[in-house]
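Below is a short briefing on a structure, grouped by topic. Please read it with the sequence and the model open.

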Amino acid sequence: MTDDARDWVTDMVREHYNAPPATPREEIWARLEERLEPLMEEGRRSGDGDAEVTPLRPRPTRAPGTRARVGWMALAATAVLAAGVGIGRWSRGAVPGAGPSLAGLVEERPTVERTRVVKANRAAAVEHLSRTEPLLTLVKSDVARGTVDAEVGEWAGELLGQTRFLLDSGLPMDPEVVSLLEDLELVLFQATLVASGQVDGQRARQEMELLQEGLLDRNVLPRIQAVIPTAGPGFAGS
Amino acid sequence: MEPGLNEAEWIEQARAGDARAFRRLYDRHVDRVYGLAYRMVGDDDLARDITQEAFFRAYTRLEQFRGDAAFSTWLHTVTTSVALNELRKVKRHRDRERDLDTVGPVTASVPPSSDPHLRDRVKAAVESLPEIYRTVFVLHDVEGYNHGEIAQVLDVAEGTSKARLSRARARLRDALSDFAPEFA
């Protein structure tokens with residue numbers, strides 16, 4: 001099981017450090033189910049029509065005329081969740097013969113619906129941006145000292161992946177947010193690079209200057225602070 | 001049942017929106033995911049949130065799972081990432097609140113131990129480790145991952161994992177040396 005010989009300290013910690021109780025699996029599943037239902041519904045609609053799948057719950061019967069409205073609300077809410085976790089599955093367009101995709105609906109109704117989708121995606125992006133604020137504050141402090149701590153670099157690396165995922169999702173977003181995400185991506189990349197120690201000497205100094213430029217000249221941190229709500233981030237994805 | 005038996009099928013079915021298939025994946029892996037989350041944060045409510053979030057992310061990212069690594073390894077990578085983010089959030093929150101209130105440890109619901117003093121000392125010692133050491137130590141020595149798995153989960157080299165484990169153990173031996181005779 002392990003690569004190293006274990007000793008008394010391992011036994012002590014195994015016995016006394018955060019021994020988990022029984023898994024509350026049904027309670028967790030019940031909460032998970034509520035969040036998954038809209039996504040699974042979409043997966044079934046956009047997937048293979050011949051596939052036999054089991055829904056989470058029996059589908060409620062909707063009154064005629066309400067389907068489109070309810071569907072749109074679900075799509076908008078799901079877009080927030082999907083973008084929040086970095087998924088862009090709907091951006092790939094409609095599958096022939098399947099239900100409406102986000103992209104398809106946006107093309108059909110380019111005004112009101114698109115505005116709603118852009119707003120929903122903005123909320124997801126803002127949620128992500130709010131998670132980057134404390135990290136950028138640390139990076140700014142580190143840059144002033146002329147170095148970026150390895151732990152800060154690892155954190156930046158994680159957020160870099162999420163930022164790229166949002167950018168690559170193809171979900172419609174307003175240009176201000178896209179521009180901010182692009183500048184953020186650059187700053188996070190440089191912070192990760194500088195902290196990793198993969199560059200040294202002249203190259204390291206250049207990267208540090210670029211990092212400083214990104215933070216100060218492009219005002220990434222103040223721009224993020226300007227768009228995020230003062231209450232701060234909630235639990236990711238909730 | 002073999003761990004991989006039917007799992008690939010369940011993953012495909014879950015991708016198509018089959019809830020029963022995803023529930024099977026959930027049932028197979030939830031104990032390990034919750035256990036890992038609890039070991040990392042020591043709080044039942046937070047461990048539940050992390051478990052829920054990990055499975056939610058896993059579902060939404062199933063398209064990205066290509067089977068290069070075991071599904072369990074991939075899922076534990078997601079879990080570790082969520083748990084670390086939550087720990088950082090809690091730490092930031094505690095730092096902000098420290099001046100306003102006396103804040104206890106994150107672990108409010110630790111199961112009782114026969115020796116609370118020892119338990120508290122162990123807890124304090126582990127939590128005083130830098131995050132990068134603590135994570136490797138918990139994954140390896142407490143949860144039983146090998147260095148190859150940790151390297152995948154944390155996206156580091158195996159050598160880095162070994163070095164961090166070695167440093168973590170050294171620090172813990174030092175911090176808990178007065179208990180050594182009881183456990184040696």
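**Helix packing in chain A**

Leu180(A), Asp183(A), Leu184(A) and Val187(A) of α7(A) are in contact with Val220(A), Arg223(A) and Ile224(A) of α9(A), a contact being two C-beta atoms, placed from the backbone, within 7 Å. This is a predicted model, in which local features need pLDDT of at least 70, side-chain atom pairs count only at pLDDT 80 or more, and totals for chains, interfaces and linings use all residues. Residues are numbered from 1 along each chain as its sequence is written, while chains are lettered from A and ligands numbered from 1 in the order in which they are written.

- The contact of α7(A) with α9(A) comprises five nonpolar, no polar and two charged residues.
- The axes of α7 (residues 175-196) and α9 (residues 220-227) of chain A come within 10 Å and cross at roughly 135°.

*Chain A overall*
- Chain A has nine helices and zero strands (DSSP runs of H or I, at least four residues, and of E, at least two).
- Of its 238 residues, 33% count as buried (20 or more other C-beta atoms within 10 Å of the residue's own).

*Nonpolar cores*
- The largest nonpolar core has 59 residues, and Val13(A), Ala37(B) and Ile50(B) are among those touching the most other members; such a core joins buried Ala, Val, Leu, Ile, Met, Phe, Trp, Tyr and Cys residues through C-beta atoms within 7 Å.
- Helix α2 (residues 19-41) of chain B gives this core its largest share, 13 residues.
- A second, separate core of 32 residues includes Leu180(A) and Leu211(A).

Definitions and conventions
Buried ≥ 20, exposed ≤ 12 C-beta atoms within 10 Å, placed from the backbone. Axes fitted to C-alpha atoms, helices over the stretch in contact; angles between N-to-C directions. Nonpolar A, V, L, I, M, F, W, Y, C, P; charged D, E, K, R; others polar.
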